[in-house]
Amino acid sequence: MAALPTQQPQFMSNGGRRTHPKDPLIENIEYDQIVVPDKSWKNLFAYMGPGFLVSIAYIDPGNFQTDLQAGAQYKYGLLWIILLASCAALVIQSLAANLGVVTGKHLAEHCRLEYPKVPNFILWIIAEIAIVACDIPEVIGTAFALNMLFKIPLWLGVLITGLSTLVLLLLQQYGVRKLEILITFLVLTIAGCFFAELAYAKPDASEVLQGLFVPQLKGSGATKLAISLLGAMVMPHNLFLHSALVLSRKIPRSVSGIREACAFYLIESGFALLVAFLINISVISVSGAVCNSSNLDPKDLQSCKNLDLNEASFLLRNVLGNWSSKLFAIALLASGQSSTITGTYAGQYVMQGFLDLRLKPWVRNFVTRCLAIVPSLAVAIIGGSSGAGNLIIIASMILSFELPFALIPLLKFTSCKTKMGIYVNSIAISATTWIISSLIMAINIYYLAETLVTSLRESHLKIVGIVFLGFLGVLAMLIYLASIAYLVIRKNKDGSHLIALTASDNRDVVNGHGGETLPREDIVNMQLPQTRNNNDALD
């Protein structure tokens with residue numbers, strides 16, 4: 001390969017020298033690694049894994065809940081949202097992977113190095129709220145699955161989910177590769193269950209295709225569900241997780257090596273998200289076909305009007321048979337358990353990145369799970385399955401509103417030449433991603449304004465109360481917009497925390513004959529440094 005111009009930086013991680021005891025561990029030849037082989041297309045199998053961990057967020061119980069309601073209320077009319085969100089997700093997730101591959105640091109670490117203390121702390125709080133909001137549907141979904149399979153009361157199932165996830169976290173001692181294999185197996189299990197449901201429900205293919213490619217939003221209810229679908233599909237914590245998981249591979253620090261890694265991560269993510277896309281399409285199609293069937297009895301018709309994860313079980317049992325309900329429960333259980341594992345590690349990387357604080361995974365899981373269990377348990381006891389279903393929708397909407405606070409930093413970092421060098425986003429990619437993020441923010445703001453106006457119009461408060469609540473609502477929207485504007489307008493720092501090597505400084509690396517950057521130890525073993533002997537790692 002021809003040498004690059006001398007002014008063009010080729011970014012590499014600090015070659016194992018740690019300037020501070022808490023700096024991320026980059027190099028340790030004694031540690032377990034996932035090494036990329038030398039042969040070109042064989043590399044793809046070495047890169048397989050992170051995309052499937054990330055894809056779990058696209059098929060978690062929150063997605064199933066919103067998918068079921070979308071199909072029941074609007075048949076196939078909102079399938080285009082799934083197509084749009086999946087395409088947007090592939091582009092956005094590839095940017096998160098590229099950030100980690102090129103810079104050797106994940107998104108949360110970049111935020112800590114880029115933003116002042118107060119904005120960084122606020123971004124951390126927002127990220128933690130997003131993780132808890134993501135965990136709530138997983139808790140409730142698993143509890144529903146346990147109720148379907150073993151008749152366990154909903155409130156007791158909520159408590160059991162905390163213990164079950166702690167048991168599964170024992171897999172961390174076997175390394176990230178084993179966890180990736182387990183998650184991939186669970187994803188394929190979910191796919192098999194819903195493809196079987198789809199084959200039995202037999203939705204009309206022409207109507208499904210029309211729903212996929214003809215956009216429509218009929219009323220405020222459809223807008224609310226569209227926001228929930230977006231929030232359930234493109235999750236903020238996924239951006240932090242993906243940028244961290246790619247650090248588990250040993251990638252050659254050469255132009256060709258980094259480009260190949262970015263390309264293979266795109267292919268791998270595309271395949272995993274395609275499976276997730278087909279699963280979501282299957283759920284909506286099954287729900288739409290069943291709830292719009294002409295031979296539904298009045299009881300099943302009523303179930304469709306208030307469809308949640310629990311009602312879906314009874315509906316499928318009555319219409320498609322008992323085996324259909326069991327398949328749905330197995331898929332829901334696999335989804336809930338796998339989602340909680342990935343959510344726990346996303347939270348770990350968020351805390352480590354923003355605050356440079358490391359907790360043992362079981363401690364992190366305990367804290368996050370408690371924050372999710374408290375509202376879930378209260379709603380399960382007071383509101384029952386209906387209240388729990390509504391809580392899932394609210395959690396998905398929260399995720400949609402919080403997405404810009406992870407997405408905008410990602411777009412700015414990957415469009416910054418001082419951080420990405422020759423791997424900076426092209427003009428086309430930058431334009432596409434900014435359009436996608438602008439559309440998401442516009443839908444969120446529209447729904448906020450519509451909800452505020454509708455709530456005030458239908459309220460029975462006196463004029464003083466209406467004016468006061470209206471003022472608070474407008475103020476909240478202005479703060480939301482101002483926060484987004486700050487992230488968009490603020491200029492990135494000129495300097496980079498990475499070492500920039502020009503072609504003249506390191507011709508071997510540029511020509512593809514250089515050494516390799518070892519993977520991040522804390523990512524490879526899914527255990528952060530406190531669980532190991534740090535003194536050994538420093539030697």
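**A walk from a greasy patch to a charged network**

Leu 355 is partly exposed, with a relative accessible area of 31%. Keep in mind that this is a predicted model. Leu 355 sits in helix α15, which covers residues 322-355. Helix α6 (117-150) gives the patch its largest share, three residues, and α6 and α17 (384-402) each supply at least two.

Now step back to the whole chain. There are 24 helices and five strands, and 57% of the 539 residues count as buried. Take the contacts between residues at least 6 apart in sequence: 86% of them join residues at least 24 apart. The chain exposes about 22,100 Å², with carbon and sulfur atoms supplying 67% of that.

In general, an α-helix has 3.6 residues a turn, so residues three or four places apart point the same way.

What about charges? The whole structure has three salt bridges. In one of them, Glu 207 meets Lys 75 at 2.8 Å, N to O. That pair links distant parts of the chain, with Glu 207 in helix α9 and Lys 75 in the loop between α3 and α4, 132 residues apart. Both partners are partly exposed: Glu 207 at 30% relative accessible area and Lys 75 at 25%.

Lys 419 lies in helix α19 and Glu 114 in helix α5, so the pair ties together parts 305 residues apart in sequence. Glu 114 also forms a salt bridge with Arg 490, at 2.9 Å. Arg 490 is in the loop between α21 and β4, so this bridge spans 376 residues of sequence. Shared partners join Glu 114, Lys 419 and Arg 490 into one network. Glu 114 is buried at 1% relative accessibility, Lys 419 at 4% and Arg 490 at 18%.

Asn 492 lies in the loop between α21 and β4 and is buried at 17%. A polar atom of its side chain lies 3.2 Å from the backbone oxygen of Lys 412, and the contacts of Asn 492 include Glu 114 and Phe 413.

Notes. Residues are numbered from 1 along each chain as its sequence is written. This is a predicted model: local features need pLDDT of at least 70, side-chain atom pairs count only at pLDDT 80 or more; totals for chains, interfaces and linings use all residues. Side-chain values use heavy atoms; hydrogens and water are left out. Helices (H or I, at least four residues) and strands (E, at least two) are DSSP runs, numbered from the N terminus. Buried means under 20% relative accessible area, exposed over 50%, partly exposed in between (1.4 Å probe, protein chains only). A polar contact is a pair of N or O atoms within 3.5 Å; within protein, one must be able to donate a hydrogen and the other to accept it, and residues adjacent in sequence count only if both atoms are side-chain atoms. Contact means heavy atoms within 4.5 Å. Accessible areas come from the Shrake-Rupley method with a 1.4 Å probe; for residues, only the protein chains shown count as cover. A salt bridge is a side-chain nitrogen of Lys or Arg within 4 Å of a carboxyl oxygen of Asp or Glu.
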